[in-house]
Amino acid sequence: MSTPITVEQAREAALSMVTPLGAERVALTEALGRVLAADARSDIDVAPFDNSAMDGFAVRAADLASATAETPVILEVAADIPAGTWWDGPLAPGQAARIMTGAPVPAGADTVVMVEVTRTASGDGSIGSRVAFAQAPGEGDHIRRRGEEVSAGEVVLSAGEVIGPAAVGLLAATGHATVEVFRRPRVAVISTGSELVEVGMAPGPGKIRNSNSYSLAAQVRAAGGEPLRYPIVHDDVAAIEAAFLRAAEEADYIITSGGVSVGDFDFVRPVLERIGKLAFYKVAMRPGAPQTMGRVGDTPVFGLPGNPTSAYVGFEVFVRPVLRKMQGHTALERPRVTARLAHDVRKRAEKRYYLRARLSASGAPGLEVELAGSQSSALLSAAHRGNCLLVLEAGESHFSAGSLVECMRLDIEEGVVL
Ligand code: AMP
Ligand code: MG
């Protein structure tokens with residue numbers, strides 16, 4: 001395999017190496033953004049009882065059939081039912097019960113009339129007072145029915161559904177203090193490079209800080225995974241082997257940075273070939289052609305290039321979808337939008353480009369996109385300032401200002417409809 005594979009082939013290969021992880025039970029307070037691993041059923045009817053949607057009076061609609069402004073009907077207040085209380089009733093003909101929002105509608109009553117359309121005819125509105133009704137309500141008005149949301153024993157949320165804030169509310173209402181969700185992948189983050197020093201150190205001659213370990217761990221976290229940052233590994237076959245073997249035991253997935261190119265000290269690929277299996281090592285894309293993938297034992301290994309932006313883009317394009325799949329997500333594609341190019345862009349024809357770019361509302365209809373800074377793969381500023389990857393296809397080399405181009409949005413989650 002000497003010619004590079006396409007981005008699509010590489011993505012397909014990377015995704016085919018993983019399946020959703022097992023389930024774990026988490027507190028409902030920790031469930032936001034997770035994917036349900038088992039159907040959640042309700043233990044009760046929700047609502048648990050017919051209840052009032054308004055502050056007002058529970059009545060028998062038949063009593064008020066003749067009510068008009070000229071000929072109001074007067075009913076006697078027989079009960080006072082705040083939310084959280086229970087009155088057995090039954091409400092007799094000629095009676096009304098004062099009722100608050102969320103309070104149980106008593107036996108005998110079939111309708112709620114809101115307080116705003118009533119008038120106190122005598123008394124202070126409490127039990128024994130008399131209330132005038134000046135219009136005939138529709139039977140069943142302003143009553144929220146028992147079981148309207150879900151009945152006892154029914155599935156309220158199905159396996160595979162993503163838990164948003166409303167789902168958290170539904171799970172709470174149906175008795176789920178804990179929920180079964182797909183596990184987060186534990187992702188080993190291994191930076192290789194004899195030039196690397198820790199962030200807390202001032203780099204000596206020829207050294208640089210190990211920034212990829214931090215940016216990649218942050219990307220893992222943003223993708224829902226649990227990063228395990230490993231110590232720096234020098235460009236040494238035995239050290240890389242040892243790190244891979246340890247990570248294959250501890251982690252569900254391994255990502256590395258550096259050491260995947262054709263330099264004299266690029267050992268990630270030979271190590272994968274020796275102690276594991278190599279799947280691919282070159283993708284027709286820019287930045288970051290030497291995206292490398294394989295496995296050690298059963299643990300997939302994704303070897304990202306060392307240049308910070310090559311690693312960043314490689315993660316977004318290949319690793320993030322994989323980590324989402326492992327968490328049970330089925331929406332794996334970032335939303336894409338078409339935008340007007342603000343200026344000319346030139347590229348080499350043979351590769352797909354992912355340029356760090358910024359979408360904005362230009363004033364004219366539609367979105368405009370411009371490069372977010374220098375596109376050197378050694379520089380991260382444009383990735384920080386940008387909000388999308390401008391995707392320019394292989395086969396073309398010149399895109400002029402005003403042309404319509406496709407952008408992969410990094411500021412919107414997968415599955416969002418635009
Ligand atoms: P490599 O892919 O190992 O050839 O590295 C490509 C470039 O990325 C070199 O300039 C490295 O110094 C740089 N680089 C490699 N690893 C890191 C890292 N962990 N953090 C920041 N830069 C790195
Ligand atoms: Mg290196």
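Colleague: Which residues of α5 are buried in this predicted model?

Modeller: The buried residues of α5 (under 20% relative accessible area, with exposed over 50% and partly exposed in between; 1.4 Å probe, protein chains only) are V268, V271 and L272. Because they cover an arc of only 100° around the axis, they lie on the same side of α5, the arc being that of the directions from the helix axis to the C-beta atoms. Their cover includes α4, β17 (253-257), β18 (277-280), β20 (292-296) and β21 (299-304); helices (H or I, at least four residues) and strands (E, at least two) are DSSP runs numbered from the N terminus.

Residues are numbered from 1 along each chain as its sequence is written, and chains are lettered from A and ligands numbered from 1 in the order in which they are written. Local features need pLDDT of at least 70, side-chain atom pairs count only at pLDDT 80 or more, totals for chains, interfaces and linings use all residues, and side-chain values use heavy atoms, leaving out hydrogens and water.

Colleague: At what angle do α4 and α5 pack?

Modeller: Two packed helices are described by the angle between their axes and the distance between the axes. Here α4 (residues 237-250) and α5 (residues 268-275) pack at about 60°, with axes 10 Å apart. The contact (heavy atoms within 4.5 Å) involves V237, I240, E241, F244 and L245 of α4 and V268, V271, L272, R274 and I275 of α5.

Colleague: Where are the cis peptide bonds?

Modeller: Most peptide bonds are trans. A cis bond joins V46 and A47, with omega about -5°, and another joins R286 and P287, with omega about 0°. A47 is in the loop between β2 (40-41) and β3 (51-52), whereas P287 is in the loop between β19 (285-286) and β20.

Technical notes. Axes fitted to C-alpha atoms, helices over the stretch in contact; angles between N-to-C directions.
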